[in-house]
Amino acid sequence: MITLSHYLIVSGMMFALGLAGVIARRNILIIYMCLEMMLSAANLTLVAFSRFRVTDGLPDYAAQSLVFFTITVAAAEVAVGLAIIVALYRAKQSVETESVTKLQG
Amino acid sequence: MPSILFYFFSAMTLGFGLLVVTARNPVTSALSLAASFVGLAALFLSLDAYFIGTIQILVYAGAVMVLFLFIIMLLDIKAEEGKKPNLPAVIGGITLAVLLALQITTICSSFDSAGVQLKNAPLALTQAGEKAELPTIANDLKAGVLPDAKLMGLTLFQKYGFHLQVVGLLLLVGTVGVVVLSKREKGVKDA
């Protein structure tokens, strides 16, 4: 039988994967994809809590509204982020994090 | 949902997620992420969140991934060939991820899981129908159907109407920002 913990563990593992990708990879595009993965892992947690916290016989729709907002913000973030990546590529001809050292002390 | 489907879709989500992190070619990563999101959408559906599951497919697996692929193709990013991965970063990333996953797994499995099974959290649609505010929602609930999108819309517009407008403004600002960012400055030659 599937319990709340199952969903939370899957979500936690997905978040950990995203975290590993953000730290280990150099390609900014892949770092961005891993950020999306971490956001989705958080969404899974919210939906799982929403379903298991039954109020008046219905799932808790406040949590699912939060997921809706997260998805919207993530979509806006992707659009702006990709524009920044394109601008970066124009300036540096590369999307590797190591080619961006301007802010390094 | 039968347990086997849960495990199948979890494996799909996590397996393709691993491929996103490990693939050398960005196109492989992007397509794996799309597949991973499809698995995640199935998990949402298994939690009776039909609207969110559909949005996940439409927005993430559809729009966002197309945007990613478009940029990858546009910039013509090749696979990292011959380049050695940054070893300290890889080791650090794997260690941190394993630690985090272990922590979460330990905490989650120490729950008293008897009280949180789907079986013990049944949706009482017919009873909810007696209290429902709108006739269409009440009729759906009395018929034993979960009107997910309707309830979602009711919550969004009734409880979070202002927040919804703020999000609309955010999208507008984002659109304007993208236009400004990608506009070529006058006099600056494209490198």
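How many residue pairs are in polar contact between chain A and chain B, both at pLDDT 80 or more? The count is ten residue pairs. The legends below describe a predicted model.

Figure 1. Chain A contributes 71 residues to the contact, and chain B contributes 89 residues. Together the two chains bury about 7300 Å², and carbon and sulfur atoms account for 76% of this area. Ten residue pairs are in polar contact across the interface, with both residues at pLDDT 80 or more. On the side of chain A that touches chain B, at least two residues come from each of helix 1 (4-24), helix 2 (28-52) and helix 3 (61-92) of chain A. Helix 3 of chain A gives the largest share of that side, 23 residues. Sorted by class, the side of chain A that touches chain B comprises 50 nonpolar, 13 polar and eight charged residues.

**Figure 2. The salt bridge between Arg51(A) and Asp48(B).** Between chain A and chain B the count is one salt bridge. Arg51(A) pairs with Asp48(B), and the closest N and O atoms of this salt bridge are 2.7 Å apart.

**Figure 3. The salt bridge between Arg26(A) and Glu98(A).** Over all chains, the count comes to four salt bridges. One of the salt bridges joins the side chains of Arg26(A) and Glu98(A), with an N to O distance of 2.9 Å. Arg26(A) belongs to the loop between helix 1 and helix 2 of chain A, whereas Glu98(A) belongs to the segment after helix 3 of chain A, so the pair ties together parts that are 72 residues apart in sequence.

**Figure 4. The helices of chain A.** Chain A has three helices and zero strands, giving the order α-α-α from the N terminus on. Chain A is more spread out than a compact globule, because its radius of gyration is 18 Å, well over the 13 Å that the globule rule gives for 105 residues. The C-alpha trace of chain A spans about 55 × 25 × 25 Å along its principal axes.

**Figure 5. Domain 1 and domain 2 of chain B.** The domain assignment places domain 1 of chain B at 1-76 and domain 2 of chain B at 137-179. The C-alpha centres of these domains are 23 Å apart. Five residues of domain 1 and four residues of domain 2 make up the contact. The area buried between the two domains is about 360 Å², with 77% of it from carbon and sulfur atoms. The side of domain 1 of chain B that touches domain 2 of chain B has four nonpolar, no polar and one charged residues.

**Figure 6. The helices of chain B.** Chain B contains eight helices and zero strands, and from the N terminus on its elements run α-α-α-α-α-α-α-α. The radius of gyration of chain B is 22 Å, whereas a compact globule of 191 residues would have one near 16 Å. Along its principal axes, the C-alpha trace of chain B spans about 65 × 45 × 25 Å.

Methods:
Residues are numbered from 1 along each chain as its sequence is written. Chains are lettered from A and ligands numbered from 1 in the order in which they are written. This is a predicted model: local features need pLDDT of at least 70, side-chain atom pairs count only at pLDDT 80 or more; totals for chains, interfaces and linings use all residues. Side-chain values use heavy atoms; hydrogens and water are left out. Contact means heavy atoms within 4.5 Å. Buried area is the accessible area (1.4 Å probe) that two parts lose on being put together, summed over both. A polar contact is a pair of N or O atoms within 3.5 Å; within protein, one must be able to donate a hydrogen and the other to accept it, and residues adjacent in sequence count only if both atoms are side-chain atoms. Helices (H or I, at least four residues) and strands (E, at least two) are DSSP runs, numbered from the N terminus. Ala, Val, Leu, Ile, Met, Phe, Trp, Tyr, Cys and Pro count as nonpolar, Asp, Glu, Lys and Arg as charged, and the others, Gly among them, as polar. Domain bounds come from an automatic or database domain assignment. The radius of gyration is taken over C-alpha atoms; the globule rule is 2.2 Å times the number of residues to the power 0.38.
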